[in-house]
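Subject: Structure handover

Hello,

Here is the structure I said I would pass on.

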Amino acid sequence: MFRLSIIFIFLFFFCNGQEKSFQEIDSALYRSYDDAHNTLSFEKAIGINQKLVEKCKKLDYKKGVGEAYLNIANFSCYLTRYKESLKYLELAEKNISQTQDYYLRVLLYIEYGKVYAFLNLYEVSLDYYNKAV
């Protein structure tokens, strides 16, 4: 019985610690997105999000990986690097599709729509905007 109690205590602290890490990552992702748009320092934000991708991969946090790639795609688009943006959107999609986070899926489709509009591919852009709805 004592061993079973120790196992439960360990699992509680391990799971609780991981949830705290996920919350810290989510906060860092939000902050980097907000800071980049407020200061227009997209290059710096790309570096921050690339580090967050690595941290999320170590924790097997698919939502975090997907959101970080989505941020990088967004920043790349603002820097008029549309092909690079599409590359990161594909990476984001691979990770986001493995989650149940429909809000991120909507943001992903909106970002796809925006990039394709900048590339003057309006039909493709509209298709992605319609997926977002």
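Arginine 81 and glutamate 84 are joined through their side chains by a salt bridge, with 3.9 Å from N to O. The model is a predicted one, so please keep in mind that a salt bridge here is called when a Lys or Arg side-chain nitrogen lies within 4 Å of a carboxyl oxygen of Asp or Glu. Arginine 81 is partly exposed because its relative accessibility is 30%. Glutamate 84 also falls in the partly exposed class, at 26% relative accessibility.

Salt bridges

Side chains of opposite charge can pair when their charged atoms come close. By the rule above, the count of salt bridges is six. One of them is between aspartate 26 and lysine 63, whose side chains meet at 3.5 Å, N to O.

Another salt bridge is made by the side chains of glutamate 111 and lysine 114, at 3.0 Å from N to O. Why are glutamate 111 and lysine 114 separated by about one helical turn? The reason is that they are three residues apart in helix H5. Are glutamate 111 and lysine 114 buried or exposed? Both are buried, and buried means that the relative accessible area is under 20%.

Overall layout

The chain contains six helices and zero strands. Followed along the sequence, the pattern reads α-α-α-α-α-α. The chain has 133 residues, and buried residues make up 38% of them.

The largest pocket

Rolling a probe the size of a water molecule over the atoms shows where empty space is left. The largest pocket holds about 240 Å³ of space. Which helices supply at least two residues each to its lining? They are helix H1 (2-39), helix H3 (62-78) and helix H5 (102-118). The lining is made of Leu29, Tyr30, Tyr33, Glu67, Leu70, Asn71, Asn74, Leu104, Leu107, Ile110 and Glu111. By type, the lining residues are seven nonpolar, two polar and two charged.

Tyrosine 129 sits in helix H6, which covers residues 122-132. Tyrosine 129 counts as partly exposed because its relative accessibility is 30%.

Two loop residues

Aspartate 60 is not a glycine, yet its phi is positive, at about 55°. Aspartate 60 lies in the loop between helix H2 (42-59) and H3. At 55% relative accessibility, aspartate 60 is classed as exposed. Asparagine 120 is a further residue other than glycine with a positive phi, near 65°. Asparagine 120 is placed in the loop between H5 and H6. With a relative accessible area of 51%, asparagine 120 is exposed, because the cut-off for exposed is over 50%.

Two pairs separated in sequence

Glycine 66 is part of helix H3. Is glycine 66 buried or exposed? Glycine 66 is buried, because its relative accessibility is 0%. From C-alpha to C-alpha, glycine 66 and lysine 94 are 7.5 Å apart in space, and in sequence they are 28 residues apart.

Lysine 83 is part of helix H4, which covers residues 82-96. Lysine 83 is exposed, as its relative accessible area is 73%. Lysine 83 and tyrosine 116 are 33 residues apart in sequence, and their C-alpha atoms are 9.8 Å apart in space.

Regards

Conventions: Residues numbered from 1 in each chain as written. Predicted model: local features only at pLDDT ≥ 70, side-chain atom pairs only at ≥ 80, totals over all residues. Heavy atoms only, no water. Helix = DSSP H or I, 4+ residues; strand = E, 2+ residues; numbered from the N terminus. Buried < 20%, exposed > 50% of the residue type's maximum accessible area, 1.4 Å probe, protein only. 1 Å grid on protein atoms, 1.4 Å probe; cavity = no way out; pocket = protein on both sides within 12 Å on 5 of 7 lines; lining within 4 Å. Points joined across faces, edges and corners; volume = space filled by probe spheres on them. Nonpolar A, V, L, I, M, F, W, Y, C, P; charged D, E, K, R; others polar.
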